[in-house]
Amino acid sequence: MHLDGVEYEVLIATDVGRDSMQWECYSVAGPHKKLLLEVVRLDGRKQWVFIQHVEELPLSLVEYATSHAKIELGPFFEG
């Protein structure tokens, strides 16, 4: 995805141990990807969590991530 002229990669992952799904955002500048942030849907606790892996992030990226992650990950799993 492109945002404010910067290239990012988004990955949706599951974590059985945490009973969760994650919306992970990576920087793809340079030869290596770097995990920047995660928006996590914790199904067991019925809670959304934001995890920041770098000190500073553009506010536009945080706003994009929080709004899109909730849509793409969907509602809590009732299982």
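E38 is a buried residue, with a relative accessible area of 8%. Keep in mind as you look around that this is a predicted model. Across the model, the count of salt bridges comes to four. Let's tour some of them.

- E38 pairs with R18 in a salt bridge, and their closest N and O atoms are 3.6 Å apart.
- Because E38 sits in strand β4 and R18 in the loop between β2 and β3, this pair ties together parts that are 20 residues apart in sequence.
- R18 is partly exposed, with a relative accessible area of 36%, while E38 is buried at 8%.

- K33 and E9 form a salt bridge, with 3.1 Å between the closest N and O atoms.
- K33 lies in the loop between β3 (20–27) and β4 (34–42), and E9 lies in strand β2 (residues 6–15), so their contact ties together parts that are 24 residues apart in sequence.
- E9 is partly exposed, and its relative accessible area is 33%.

**A buried pair**
- R41 and D43 bring their side chains together in a salt bridge, at 2.7 Å from N to O.
- R41 is buried, with a relative accessible area of 5%.
- D43 is buried too, with a relative accessible area of 6%.

Terms used. Residues are numbered from 1 along each chain as its sequence is written. This is a predicted model: local features need pLDDT of at least 70, side-chain atom pairs count only at pLDDT 80 or more; totals for chains, interfaces and linings use all residues. Side-chain values use heavy atoms; hydrogens and water are left out. Helices (H or I, at least four residues) and strands (E, at least two) are DSSP runs, numbered from the N terminus. Buried means under 20% relative accessible area, exposed over 50%, partly exposed in between (1.4 Å probe, protein chains only).
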